[in-house]
Amino acid sequence: MGPLVAPGPLGYPALPLHLAAIGRVMSRISGGVGDGVRIHPVSTPRYIEEVMFPEIRKGAAKTGRSLEKFDILMK
């Protein structure tokens, strides 16, 4: 491939991928492929703890990822 198609490393650190999530599916996807999740402010603490967190953990387990450095953001 030519250099335009495969430019190689950019010389910058990788940017984190944070996915917005409200429901079960996006929560699971964020745990499986993201570096963090952005939780919608309408989500209650109970919903986050009982629904979203278990799905995030399922997604991470499915892809063999650690959640040690996973960001949980709400704003």
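Which elements are included in what covers the buried residues of α1? Among them are β1 (18-21), β2 and α2, where contact means heavy atoms within 4.5 Å. Please keep in mind that this is a predicted model, in which local features need pLDDT of at least 70, side-chain atom pairs count only at pLDDT 80 or more, and totals for chains, interfaces and linings use all residues. Residues are numbered from 1 along each chain as its sequence is written, and side-chain values use heavy atoms, with hydrogens and water left out.

**Confidence**

- The protein has an average pLDDT of 92, and 96% of its residues score at least 70; pLDDT is the predictor's confidence in each residue, from 0 to 100.
- Helices (H or I, at least four residues) and strands (E, at least two) are DSSP runs, numbered from the N terminus.

**Helix α1 and its buried residues**

- S27, S30, G31 and G32 are the buried residues of α1.
- Here, buried means under 20% relative accessible area and exposed over 50%, with partly exposed in between (1.4 Å probe, protein chains only).

**Salt bridges between parts of the chain**

- The whole structure holds five salt bridges, each a side-chain nitrogen of Lys or Arg within 4 Å of a carboxyl oxygen of Asp or Glu.
- One of them joins the side chains of R24 and E55, at 3.5 Å from N to O.
- This pair links distant parts of the chain, with R24 in helix α1 and E55 in helix α2 (residues 45-63), 31 residues apart.
- R24 is partly exposed at 47% relative accessibility, whereas E55 is buried at a relative accessible area of 3%.
- D35 and R65 form another salt bridge, with their closest N and O atoms 3.7 Å apart.
- D35 sits in the loop between α1 and β2 (36-39) and R65 in the loop between α2 and β3, so the pair ties together parts that are 30 residues apart in sequence.
- Both ends are partly exposed: D35 has a relative accessible area of 33%, and R65 is at 29% relative accessibility.

- R46 and E50 meet in a salt bridge whose closest N and O atoms are 3.2 Å apart.
- Both residues belong to helix α2, four residues apart, or about one turn of the helix.
- An α-helix has 3.6 residues a turn, so residues three or four places apart point the same way.
- R46 and E50 are both exposed.
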